[in-house]
Amino acid sequence: MSSTLGEQPVSTQRQPRPASISTTNKAWVAQAAKQPMTLETVELGPLGAEDVEIAVEHCGLCHSDLSILNNEWGLSQYPAILGHEVVGRVTAVGPNAKGLKIGQRVGVGWHSGSCMHCHQCMSGSHHLCPEVQFTIVGHRGGFASHIRTHWAWAIPLPDKLNFAEAGPLLCGGVTVFAPLAMHAKPTGRVGIIGIGGLGHMAVKFAAAYGCDVTAFTSSESKFEEALGFGANHVVSSKDSAAIKKLALRFDLLISTVNVKLDWDTMLNTLAPNGRLHVVGAVLEPIPVAAFSLIAGQRSLSGSPAGSPVTIETMLDFASRHNVVPQTEHFPMSKINEAFAWLESGKARYRIVLDADF
Ligand SMILES: [Zn+2]
Ligand SMILES: [Zn+2]
């Protein structure tokens with residue numbers, strides 16, 4: 001079956017291109033919420049003037065792909081092509097695309113376009129652009145033979161980086177690296193709440209950064225592994241008495257979980273001027289007593305993935321310090337099995353799908 005998935009222009013300067021440039025895409029398509037994906041042929045149409053086309057080699061499977069498939073956040077658009085941790089080689093470059101050449105290996109993450117002229121874009125915070133394009137909402141993602149993206153969001157991969165394992169860095173990796181880059185010091189004490197897809201990368205980054213790292217996990221089976229990722233201490237997130245003993249300890253807590261926690265007890269583990277930073281999409285509101293913040297001059301904050309420059313910086317740091325996600329690989333043709341494995345909660349710790357079209 002052939003379908004024309006809604007082309008979502010991200011740049012205003014699109015120009016028609018010769019028909020020979022456009023590629024017929026093979027893609028795994030979800031026609032509706034909670035439906036298995038089926039392999040379809042999708043006509044891509046002309047390449048946008050500022051866009052590049054990438055032949056997908058690997059694409060990480062992130063928990064957000066599952067959330068969008070199941071429309072958990074109410075913003076999904078169908079038919080949907082998921083996949084937003086893409087590694088591949090540039091195969092076509094629009095006439096106004098900058099800085100990329102055919103054959104170059106690049107990565108694409110949660111965002112794949114922004115307006116390039118608003119205050120946020122001009123300040124380097126493209127990920128905060130009001131028009132920022134999510135790669136898998138109203139845009140075709142990377143569980144496909146090809147993906148297209150605005151040139152600014154196709155990030156060149158450092159030569160030293162193990163590209164087959166790099167996919168999860170492009171969304172999950174930058175999501176936990178950005179708060180460390182913004183708020184951590186190498187001399188600081190950092191707590192990572194939740195040791196899963198995001199949290200295990202957060203532990204690795206914080207340890208490489210030089211921080212004293214405490215891992216919080218509800219699963220005792222992950223204690224040893226968390227120490228292996230570089231944590232100096234591991235605490236059960238269910239053990240309120242143990243958490244209370246950590247009062248006033250942390251300069252930065254990064255929460256990667258999507259479940260409710262004893263937030264007040266967690267906040268009281270923050271040192272004066274400490275910060276609880278949320279990157280896990282917990283849907284229930286976080287109740288916070290004003291005095292928890294006022295007394296120690298504490299902050300509560302969050303952030304979405306990162307800007308192109310933060311992604312580039314993160315990839316450079318990861319290649320320099322050998323920060324590699326722990327992955328399990330599936331051929332892309334086993335995509336529905338891979339989603340089921342993720343949903344089961346058994347994935348350790350990130351899944352990567354290898355393109356096999
Ligand atoms: Zn903008
Ligand atoms: Zn993601």
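This is a predicted model: local features need pLDDT of at least 70, side-chain atom pairs count only at pLDDT 80 or more; totals for chains, interfaces and linings use all residues.
**Zinc site.** Which atoms hold the zinc ion (ligand 2)? I found C62 (SG), H84 (NE2) and C171 (SG), at 2.0 to 2.2 Å.

C62 is in the loop between strand 4 (51-61) and helix 1 (63-69), while C171 is in the loop between strand 10 (155-156) and helix 3 (172-183), so the pair ties together parts that are 109 residues apart in sequence. Are they buried or exposed? C62 is buried, with a relative accessible area of 5%, and C171 counts as buried at 6%.

**Cores.** I then turned to the nonpolar residues. The largest nonpolar core has 74 residues, and L82, F143, L169, F205, L315 and F339 make the most contacts inside it. Helix 4 (residues 197-209) gives this core its largest share, 6 residues. I also noted a second, separate core of 16 residues, with L246, V257, L261 and L276 among them.

**Helix 10.** F339 sent me on to helix 10 (residues 335-343), where the buried residues are I335, A338, F339 and L342. Why do I find them on the same side of helix 10? They cover an arc of only 100° around the axis, which puts them there.

Last, I checked just after helix 10, where G345 takes a positive phi of about 80°.

Technical notes. Residues are numbered from 1 along each chain as its sequence is written. Chains are lettered from A and ligands numbered from 1 in the order in which they are written. Side-chain values use heavy atoms; hydrogens and water are left out. Donors are N, O and S atoms within 2.8 Å of the metal (3.2 Å for Na, K and Ca); water is not among the atoms, so sites may look incomplete. Helices (H or I, at least four residues) and strands (E, at least two) are DSSP runs, numbered from the N terminus. Buried means under 20% relative accessible area, exposed over 50%, partly exposed in between (1.4 Å probe, protein chains only). A nonpolar core is a set of buried Ala, Val, Leu, Ile, Met, Phe, Trp, Tyr and Cys residues joined through side-chain atoms within 4.5 Å. The arc is that of the directions from the helix axis to the C-beta atoms.
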